[in-house]
Amino acid sequence: MAEQKLFAGHTVRRLRRSNGLSQAALAEALEISPSYLNLIERNQRPLTAALLLRLADQFDTDPRALAGASDPGGGMDAMRRRLADPMFADLEIDRVQIEEWLAAAPAGAEAFARAFDRVGAASGFGLDPFAELRAEIERWRNHFADLDSDAEALADELRLGAGDLYNAIAERLRVKHQLSIRILPVDAMPDRLRRLDLHARQLQLSELLDPASRTFGAAFQLAQLEAKDPIDWLVKGAGFKERASERLFRRHLTSYFAAALMMPYARFLRACEATGYDLELLQRRFGAGFEQVAHRLTTLQRVGARGLPFFMIRIDRAGQSSKRFGGASNSPLVEEDGRCPLWALHRAFDHPGTLLTQLVELQDGSRWFTLARTVRPQGVSIGSVAAEFAIGLGLAADVASPLASARGIDLKRGEAVGVGLGCRSCTRPDCPQRSAPPVSRALVFNERERAIAPFTFAGD
């Protein structure tokens, strides 16, 4: 497959203008002519690898961020999915028109995409606090450098007092904040896993929690007390429209700090690289749960010390996602709402506790190495119903070779499962698993034939 050319005119122009540079000044810094830079900004010339690196150096950013952010609105496929909404059906907008729009008015296309995503497809119900929350997390690529730095410093300080993190946190809470930790039986706290009793000066934890969850609960309380200022600044800077979004973001940041305290950045990254990102080994080494480690892997984007660009998603048996973190992966597998039943993530429920690996290929030719495993949240059951979720992790196949779980797999030319981003978006014509036709294609009927696939539709 020929290497895809990178047209990033919109991104280059935005970076240049935001830094107050003229085309002549940036062209001089990049050692190219102003006329050539003009062609790049108008998407009439692609970015070469050498220019991409020079731009990253000039603006002190990650080359992967420049490459991933090159297309307004997520590019052609993402814009087509939005325009496939029934509200636009009578406009008959074809691929050529979208290409011309993206090239001629990239900022306008980006504005449309943001407005459409924020309001929701024909929803009419105002802002979704979870969508607003996720947009803010992804704006930071789920990496909050100040919180990581503060948590790392606190973790080093706690290690001087005790080798066991849980006991070190408990002692810190007792001495500095006059809070003791008490483990309560389930009959004394039947519907709570954690509770702060200020009258008794106690952090009360349920006996249902395993050691990793108890440590996280204690770390969460310490984060509320000692990371309040940086968390307040981040929440205030987000400028949320909805109060619920603000509260959700604060909870996310507090959990982020707690996880960073359990898995300090530098030590965790060294362990990842030394073990080939062995998830089970990382759990044992840092006393963390599978989901905690999986989430932590999406945050490793410190400048000068970056980890692999993982994404993470958590779904239930119905395929509904309750957590999605794209990190620096720029993966459509986590960005889009639709998912494919051929992705092994959905088979994880049939193999509880087993780590499933799979090499998948999307319609644009991109390959992704993915891992999936079920988790059962601590103590989460009501009556006879016990909660169960599947965690999906993944990263681009071309950077997955350091993974221990990818050893022996030909990531470039090996057999990959073709998956889509939900049947309504997928235009693969020969999928027998299809549940619905793509909204962007006209159905084709032939009463004399019956294809293997349940629907036949027009090509591009």
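**Aromatic rings**

I began with Phe144, which counts as buried because its relative accessibility is 1%, under the 20% cut-off; I keep in mind that the model I am reading is a predicted one. I then looked up Trp140, which is partly exposed, with a relative accessible area of 35%.

I searched the whole structure for aromatic pairs and found 10. In one of these pairs, Trp140 and Phe144 are tilted, with 5.4 Å from centre to centre and 35 degrees between the planes. I noted that both residues also belong to one aromatic cluster, which is formed by Trp140, Phe144, Phe240, Phe249 and Tyr256.

Another pair I looked up is that of Phe311 and Trp368, which is edge-to-face, with 6.3 Å between the centres and 65 degrees between the planes. This pair links distant parts of the chain, since Phe311 is in strand S6 (residues 311–315) and Trp368 is in strand S9 (residues 367–375), 57 residues apart. Phe311 is buried at a relative accessible area of 0%, and Trp368 also counts as buried, at 6%.

I also checked for charges over rings, and found that Arg302 lies over the face of Tyr265, at 4.2 Å from the ring centre, while Arg373 lies over the face of Phe290, at 4.3 Å from the ring centre.

**One serine**

Is Ser245 buried or exposed? I found that Ser245 counts as buried, because its relative accessibility is 0%. Ser245 is placed in helix H14 (residues 243–262), and, leaving aside neighbours within four places in sequence, Ser245 is in contact with Pro129, Glu132, Leu133 and Phe240.

**A sheet and its helices**

I next traced an open sheet of 3 strands, which has the order S1-S3-S2 and mixed pairing. Strand S1 (180–184) and strand S2 (194–197) stand at the edges, and each has a single partner strand, so one side of each is left without a neighbour in the sheet. From one strand to the next, the twist averages 25 degrees.

S1 and strand S3 (residues 202–206) pair in the parallel sense over 5 bridges, and Leu184 stands opposite Ser206 in S3. Helix H11 (residues 165–177) lies across S1 and S3 and runs at about 125 degrees to S1. Helix H12 (residues 211–226) also packs on the sheet, where it touches S1, S2 and S3, and its direction makes about 150 degrees with that of S3.

Note on methods
Residues are numbered from 1 along each chain as its sequence is written. This is a predicted model: local features need pLDDT of at least 70, side-chain atom pairs count only at pLDDT 80 or more; totals for chains, interfaces and linings use all residues. Side-chain values use heavy atoms; hydrogens and water are left out. Helices (H or I, at least four residues) and strands (E, at least two) are DSSP runs, numbered from the N terminus. Buried means under 20% relative accessible area, exposed over 50%, partly exposed in between (1.4 Å probe, protein chains only). Contact means heavy atoms within 4.5 Å. Rings of Phe, Tyr and Trp (its six-membered ring) pair if their centres lie within 6.5 Å; planes under 30 degrees apart count as stacked, over 60 as edge-to-face and the rest as tilted. A charge sits over a ring if NZ of Lys or CZ of Arg is within 6 Å of the ring centre and within 35 degrees of the ring normal. Two strands pair if DSSP finds at least two bridges between them. Axes are lines fitted to C-alpha atoms, for helices over the stretch in contact, and angles run from 0 to 180 degrees between N-to-C directions.
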